[in-house]
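Thanks for coming, everyone. Please take a look at the structure before I start.

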Amino acid sequence: MDIAMSLEEQGFDVVEAGNADEAVDFLNAHSDIRIMFTDIDLPGSIDGLKLAAAVRD
């Protein structure tokens, strides 16, 4: 949350997802996202490392 607030203060548009599944759904619906910041320990069907690998691929 602190990082999200800091990024918003820097002028970035920030979108937060409650879990990896939400993040995947959002990223699939918004192809204009250019940067993703994730935690390793995420609730949902995949963790942050698998989320990053899925987004990369």
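Asp-13 sits in the loop between helix 1 (2-9) and helix 2 (20-29). Helices here are DSSP runs of H or I with at least four residues, strands are E runs of at least two, and numbering starts from the N terminus. Asp-13 counts as exposed because its relative accessibility is 80%. The cut-offs: buried is under 20% relative accessible area, exposed is over 50%, partly exposed is in between, with a 1.4 Å probe and protein chains only.

A word on the source. This is a predicted model, where local features need pLDDT of at least 70, side-chain atom pairs need 80 or more, and totals for chains, interfaces and linings use all residues. Residues are numbered from 1 along each chain as its sequence is written, and side-chain values use heavy atoms, without hydrogens or water.

Back to Asp-13. With Glu-8, Glu-9 and Glu-16, Asp-13 forms a patch of negative charge on the surface. Patch residues have over 30% relative accessible area and no salt bridge; like charges are joined within 9 Å, nonpolar side chains (Val, Leu, Ile, Met, Phe, Trp, Tyr) within 5 Å. A salt bridge puts a side-chain nitrogen of Lys or Arg within 4 Å of a carboxyl oxygen of Asp or Glu.

What about Phe-12? Phe-12 is also in the loop between helix 1 and helix 2. Phe-12 is partly exposed, at 48% relative accessible area.

Now the whole protein. There are 3 helices and 0 strands. Along the sequence, the pattern is α-α-α. Buried residues are 9% of the 57. The C-alpha atoms fill a box of roughly 30 × 25 × 15 Å along the principal axes.

Terms used. Accessible areas come from the Shrake-Rupley method with a 1.4 Å probe; for residues, only the protein chains shown count as cover. Lys and Arg count as positive and Asp and Glu as negative; His and the chain ends are not counted. The place of a charge is taken as NZ of Lys, CZ of Arg, CG of Asp or CD of Glu.
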